Amino acid sequence: MYDLAQKVPYGGRIVETGSLYGKSANVWARGAGPDVEVYCFDPWHRAQWIIDIVEGPLGAPEFGLDAFKQYTQDLPNVTPVQGYSPQSAEGWDKPIDLFFEDAVHEDPIFGQNCDFWLEHLKPGGIFCGHDFRLDYHDICKRIVRQSAEWGVPFHVADSFFWMQKPRR
């Protein structure tokens with residue numbers, strides 16, 4: 001992720017959906033540098049799965065926007081946007097250089113996020129995300145299809161995927 005963040009040009013823009021506590025936002029912001037804007041979309045709604053998987057076993061603080069802000073407080077280029085993507089981005093008109101999808105891993109929401117944000121991705125921009133795994137078949141189908149539509153290869157490391165939008 002850090003290497004991909006470094007590919008974002010000076011003055012560029014990153015959009016992340018599904019930001020949780022801000023761990024990936026830290027990587028994007030630090031890797032890209034202080035002159036790159038990082039917009040983080042998440043409802044920051046404390047659901048039972050977060051309590052069961054993150055808070056309890058990992059000893060994380062109570063989940064919410066306050067926790068996210070605490071973990072990103074030294075990163076002035078990170079802007080949290082509380083709400084559900086893409087609805088909370090209605091009226092968005094800014095081109096982006098990197099889109100990281102890590103929100104809901106099933107359609108229709110996964111597809112809606114991809115459809116919306118990829119329209120704003122600049123030629124040469126990076127589309128990446130988390131959980132390219134067989135048990136998330138909507139992600140796998142979309143990535144394979146997007147790769148074919150763009151005529152570019154996609155790459156996977158563990159369950160992290162990425163591809164570059166063609167410059168044409």
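**A tour of selected residues**

Start by selecting Glu 55, which is buried at a relative accessible area of 10%; buried means under 20% relative accessible area, exposed over 50%, and partly exposed in between, with a 1.4 Å probe and protein chains only. The model is predicted, so local features need pLDDT of at least 70 and side-chain atom pairs count only at pLDDT 80 or more, while totals for chains, interfaces and linings use all residues. Residues are numbered from 1 along each chain as its sequence is written, and side-chain values use heavy atoms, with hydrogens and water left out.

Arg 46 is partly exposed, with a relative accessible area of 36%. The whole structure contains nine salt bridges.

Next, select Glu 37 and Arg 13. This pair also forms a salt bridge, and the closest N and O atoms are 2.8 Å apart. Because Glu 37 lies in strand β2 (residues 37-42) and Arg 13 in strand β1 (residues 13-17), the pair ties together parts that are 24 residues apart in sequence. Strands are DSSP runs of E with at least two residues, helices are runs of H or I with at least four, and both are numbered from the N terminus. Glu 37 is partly exposed at 30% relative accessible area, whereas Arg 13 is buried at 16%.

Now go to Val 36, in the loop between α2 (23-32) and β2. Val 36 is buried, with a relative accessible area of 1%. Its contacts (heavy atoms within 4.5 Å), leaving aside neighbours within four places in sequence, are Val 8, Pro 9, Gly 11, Gly 12, Arg 13, Ile 14 and Asn 77.

Move on to Asp 131, Arg 133 and Asp 135, which are linked in a network of salt bridges. Arg 133 is partly exposed at 33% relative accessibility, and Asp 131 is buried at 7%.

Finish at Ser 147, in helix α6 (residues 137-150). Ser 147 counts as buried, at 9% relative accessibility. Not counting residues up to four places away in sequence, Ser 147 touches Val 152, Pro 153, Phe 154 and Met 163.

Key: Salt bridge = Lys/Arg side-chain N within 4 Å of Asp/Glu carboxyl O.
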